[in-house]
Amino acid sequence: MKPIRILYISIAGNTKNFVNNLTNFANEENKKDSNNPTIEATEVSDQTDFAHEHSNFFAFVPTYLDGGNGIDNGVKEMMTNALGEYIAYDNNRDYCIGVVGSGNKNFNEQYCLSAKRYAESFDCPFVSDFELRGTDRDLPRIYNLLKQTALKN
């Protein structure tokens, strides 16, 4: 199986930490069985030049909001716009096969709201979520969901 590609943005370092742990987990799974895919992760930031994507990827996005509750009185996303703009560039959205969100469950309905909005905007599934830096239980759960989704696409 080809490596699973992940494009992500990390503001406070939580998403980067989780993606690094997930990449290490995938490498260990691949050592046990070469049919298990590895992960190729690319961080997108305000300094990233837009490029044309040519293969499927998952987007990992945390939620940062400024104003509104995101449900019934508006929402202003902040700090994750670089990833959204990168995916919206040219036909990159055609290769986005799923979104994984992160956030803080203390924010109730706003938890993973950015990821859910990405999934709707880019017409792809909201695959899963993890809180803050995730847990050891999140690694196999999300890895297996990524594998299943990648096989369908």
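Before reading any partners, I noted that two strands count as paired if DSSP finds at least two bridges between them. I also kept in mind that this is a predicted model.

Sheet. I looked up strand β1 (residues 4-8) and found that five bridges join it to β2, the two strands running parallel. Within that pairing I picked out Arg-5, whose bridge partner in β2 is Glu-40. Going on to the whole sheet, I found it open and made of five strands in the order β2-β1-β3-β4-β5, with parallel pairing. The edge strands are β2 (39-43) and β5 (126-131), each of which pairs on one side only, and the twist from one strand to the next averages 25 degrees.

Helices on the sheet. I then traced α1, which lies across β1, β2, β3 (57-62), β4 (96-103) and β5 and runs at about 160 degrees to β2. Helix α3 (residues 113-121) lies across β3, β4 and β5, at about 165 degrees to β4.

Helix against helix. How do α1 and α4 pack, and at what angle? I read an angle of about 75 degrees between α1 (residues 14-32) and α4 (residues 138-152), with their axes 10 Å apart, so α1 is roughly perpendicular to α4. By class, this contact has nine nonpolar, one polar and two charged residues. Among those that meet are Phe-18, Leu-22 and Glu-29 in α1, and Pro-140, Tyr-143 and Leu-146 in α4.

Pro-140. I checked this residue of helix α4 and noted that it counts as partly exposed because its relative accessibility is 28%. Pro-140 and Glu-29 are 111 residues apart in sequence, and their C-alpha atoms are 9.4 Å apart in space.

Notes:
Residues numbered from 1 in each chain as written. Predicted model: local features only at pLDDT ≥ 70, side-chain atom pairs only at ≥ 80, totals over all residues. Heavy atoms only, no water. Axes fitted to C-alpha atoms, helices over the stretch in contact; angles between N-to-C directions. Helix = DSSP H or I, 4+ residues; strand = E, 2+ residues; numbered from the N terminus. Parallel < 35°, antiparallel > 145°, perpendicular 65-115°, else oblique. Contact = heavy atoms within 4.5 Å. Nonpolar A, V, L, I, M, F, W, Y, C, P; charged D, E, K, R; others polar. Buried < 20%, exposed > 50% of the residue type's maximum accessible area, 1.4 Å probe, protein only.
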